[in-house]
Amino acid sequence: MFPPRYSNPDYWKESGIFQEARFQNSLSGGKGGQNVNKVSTKVEIYWSPERSAVLSEDARTRILEKLASKIDNEGEIRVTCDTSRSQLQNKKTAIDKLSIIIAFCFKENKPRKASKPTLASVKKRLESKKMQKDVKANRRKLDW
């Protein structure tokens with residue numbers, strides 16, 4: 001249905017969706033000493049698939065279906081990153097996260113092949129049932 005390149009995160013990095021995204025920086029917690037209180041290293045990306053001009057209509061509906069739980073009331077997907085002390089590194093990481101999330105929407109699952117239980121597992125199950133039968137039989141009152 002969709003081209004295989006859609007399931008590649010690198011495709012989405014180069015597709016132009018990040019020109020539509022809104023980036024916001026804020027103070028980050030964690031390590032960094034005084035730097036934490038002065039420099040806005042936390043990066044948040046807000047991207048709206050509904051208003052995206054880059055997506056086709058089929059791709060838009062697929063993303064809206066798969067990411068319905070990640071979309072807020074304004075129709076935006078929010079990705080944050082504050083793991084690094086560098087704002088640039090956090091921005092790259094957040095872009096990677098969002099592109100992986102979008103690519104995951106287009107990943108096709110392999111059909112499941114039905115399998116039979118192995119001979120050893122069948123024997124093991126029957127043996128455990130026999131042991132349980134014996135345990136319960138020993139609990140009964142003896143008939144003299």
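Which helix gives the largest share of the lining of the largest pocket? I looked this up at the outset and found helix α5 (residues 87-105), with three residues.

**Basis of the entries**

I note that this is a predicted model, in which local features need pLDDT of at least 70, side-chain atom pairs count only at pLDDT 80 or more, and totals for chains, interfaces and linings use all residues. Residues are numbered from 1 along each chain as its sequence is written, and side-chain values use heavy atoms, with hydrogens and water left out.

**Entry: overall form**

I recorded six helices and three strands in the protein. Helices (H or I, at least four residues) and strands (E, at least two) are DSSP runs, numbered from the N terminus. Along the sequence their order reads α-α-β-α-β-α-β-α-α.

I then looked up the radius of gyration, which is taken over C-alpha atoms. The protein has 27 Å, whereas a compact globule of 144 residues would have a value near 15 Å; the globule rule is 2.2 Å times the number of residues to the power 0.38. The C-alpha trace spans about 85 × 50 × 30 Å along its principal axes.

**Entry: surface and contacts**

I noted an accessible surface of about 10,900 Å² for the protein, with 51% of it belonging to carbon and sulfur atoms. Accessible areas come from the Shrake-Rupley method with a 1.4 Å probe, and for residues only the protein chains shown count as cover. Buried residues make up 28% of the 144 residues; buried means under 20% relative accessible area, exposed over 50%, and partly exposed in between (1.4 Å probe, protein chains only).

Among contacts with a separation of 6 or more, 62% are between residues 24 or more positions apart. A contact means heavy atoms within 4.5 Å.

**Entry: the largest pocket**

I found a volume of about 160 Å³ for the largest pocket. On a 1 Å grid over the protein atoms alone, a pocket is an open set of points where a 1.4 Å probe fits, with protein on both sides within 12 Å along at least five of seven lines, and lining residues have an atom within 4 Å of a point. Grid points are joined across faces, edges and corners, and the volume is the space filled by probe spheres set on the points.

The lining consists of Lys 66, Leu 67, Lys 70, Ile 101, Phe 104, Cys 105, Lys 107 and Asn 109. I sorted these residues into four nonpolar, one polar and three charged. In this scheme Ala, Val, Leu, Ile, Met, Phe, Trp, Tyr, Cys and Pro count as nonpolar, Asp, Glu, Lys and Arg as charged, and the others, Gly among them, as polar.

Is Trp 12 buried or exposed? Trp 12, placed in helix α1 (residues 9-14), counts as buried because its relative accessibility is 3%. Leaving aside residues up to four places away in sequence, Trp 12 touches Tyr 6, Ile 17, Phe 18, Leu 55, Ser 99, Ile 102, Ala 103 and Phe 106.

Thr 41 is in the loop between α3 (34-38) and β2 (42-47), and counts as buried because its relative accessibility is 7%. With the same exclusion of residues up to four places away, its contacts include Ser 26, Cys 81, Arg 85 and Asn 90.

I located Gln 19 in helix α2 (residues 17-20); Gln 19 is exposed, with a relative accessible area of 67%. The C-alpha atoms of Gln 19 and Trp 47 are separated by 9.6 Å, at 28 residues apart along the chain.

Glu 65 lies in helix α4 (residues 57-66) and counts as exposed at 61% relative accessibility.
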